[in-house]
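I opened my notebook to look at ring contacts and strand pairing. Here is what I looked up, entry by entry.

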Amino acid sequence: MAESTEPATSSPSKTSPTQPPPWDLTTVVHPRREPFEHGLLPIPKLIFSDPTQTLIHLKKKLLEQSSNNRVDSDAIAESLQISIEHARLVIDTIASVLPSETEPLVNSVPGENDAVGVDVFDLVLFLYVQTYKKLLPRTHKDSAAVSDVWPSTSAFDGYLSALSPLQLVRSNSRRFMPSQVDEEAHQLSYLQKHLANILSLLAEPVEVEGEESLVLTMDRFEHLGFLLHFGNKGSGGNSLSQMSPFFENLDPEMPAVPVPAAHVHDWLLQSIASALEHISDHTSSKENGPASPSDRDVAMNDACTVKVSTRTRSTSFIEGVSKSSCVKHAPDIKGSSIKVLNCQESAIYILAPLRYATVYGCSDATIVLGAVGKAVRVEHCERVHVIVAAKRICIANCRECVFFLGVNQRPLVIGDNHKLQGKIRNIQQGKCKKKRTPTFCDASPLPHPPPLYARGSL
């Protein structure tokens, strides 16, 4: 797989590469939230004790088996020693979090992802990210005071401290939940720590003047866009190579010259450090300044306000709606993602096309989501009715919820769930095929096609 072209320096090496020019760090780097929020699967065989060496070996094996760098579920199942069902789940999940709209897997017809196959380099990055651990909420400062009003045997124990979704809305404890800024900093820190390993999965060795050096071609470099992007307009903007100092302003008539992986590593480390410093300064100024409206309890007459922050890159939020109705249409939604958080005893209608949607910590509510083109995640909810048309949905750690789904793929149910019910319409190529009404209980048999169950929780 070695390239015939030489890297863009006369004598690079693994340990002492030629010093690159100063980087332009005016454009802030951000992690792509989608792999971290919608791309984690609790399948034990996808997590390795030594992910770097295991995945380098896996990459070589799969590339030898493929003529076009793409593999299907059979090859994945055989290589990872997992079931065909789980291998197909891996491919479907990768398809839901890929950044490029020109990727064949993204544009494949529902049900034909396996025929298209997944790019080997996207696969190894996806498998490496399975080592990521989500940021958990900080312990509530007065958890003893609320322990007598929320049962200690709740499925939410250890995750929402001792607070119910209702108490989260009525108290200042919401500020103890990870904010979007906290989560972004956590994801950036993860990428910072593992960047060298991630680059080693994409780089290839070449020999220059008798020394071996790792280089990245432009095509391999673009795969880093699976995990991060630059700018504040989400991950659907310019390609990563266009935002880098290595491949910008290239002559389209000339082939791109591979870049030493060490230079890419230094540039990204500096970019991530600059982004983390920016986040730290923003957080410090917020803590030292007056409390913002998002830190206060949501007043009843303002409960239907959608909060949009530029720091979250065009993700809209509906938070703390209590005992009221909230209707939002496409002009009301900024960006292509939405999060419905900590709403109770309310009806929420999001009648707009979206790419991603998350429903978290809601109780005794009805939530209607318009067409969601990528993925929906419903997590830590109680007695919620969810009505949604989407490509796929993941349900995690919910109880006594009812789902009315129009989906392309089988629902994925993970974690600790109790007494889930629902109706599924399997949407294939624009046609709805009605299925019998299943009960999503661990002990009940399910009609075809049943939800997929995965052990463990995220």
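**Rings first, then strands**

I began with Y190, which is buried at a relative accessible area of 8%. I kept in mind that this is a predicted model.

Next I looked up the ring partner of Y190. Y190 and F36 form an edge-to-face aromatic pair, with 6.0 Å centre to centre and 80 degrees between the planes. I placed F36 in helix 1 (residues 33-38) and Y190 in helix 9 (residues 180-202), so this pair ties together parts that are 154 residues apart in sequence. F36 is buried too, with a relative accessible area of 1%.

I then asked how many aromatic pairs the structure holds. My note says 7.

Another pair I checked was F221 with F246. Their ring centres are 6.2 Å apart and their planes stand at 75 degrees; edge-to-face needs over 60, so the pair gets that label. F221 sits in helix 10 (residues 218-222), while F246 is in the loop between helix 11 (240-243) and strand 7 (259-260). The two are 25 residues apart, and their pair links distant parts of the chain. I found both F221 and F246 buried.

I followed the ring pairs onward: they link F221, F230, F246 and W267 into a cluster.

Strand 7 brought me to the sheet. I noted an open sheet of 3 strands, with the order 4-5-7 and antiparallel pairing. Which strands are at the edges? Strand 4 (204-208) and strand 7 are, each pairing on one side only.

Strand 5 (residues 211-216) pairs with strand 7 in the antiparallel sense over 2 bridges.

Technical notes:
Residues are numbered from 1 along each chain as its sequence is written. This is a predicted model: local features need pLDDT of at least 70, side-chain atom pairs count only at pLDDT 80 or more; totals for chains, interfaces and linings use all residues. Side-chain values use heavy atoms; hydrogens and water are left out. Rings of Phe, Tyr and Trp (its six-membered ring) pair if their centres lie within 6.5 Å; planes under 30 degrees apart count as stacked, over 60 as edge-to-face and the rest as tilted. Helices (H or I, at least four residues) and strands (E, at least two) are DSSP runs, numbered from the N terminus. Buried means under 20% relative accessible area, exposed over 50%, partly exposed in between (1.4 Å probe, protein chains only). Two strands pair if DSSP finds at least two bridges between them.
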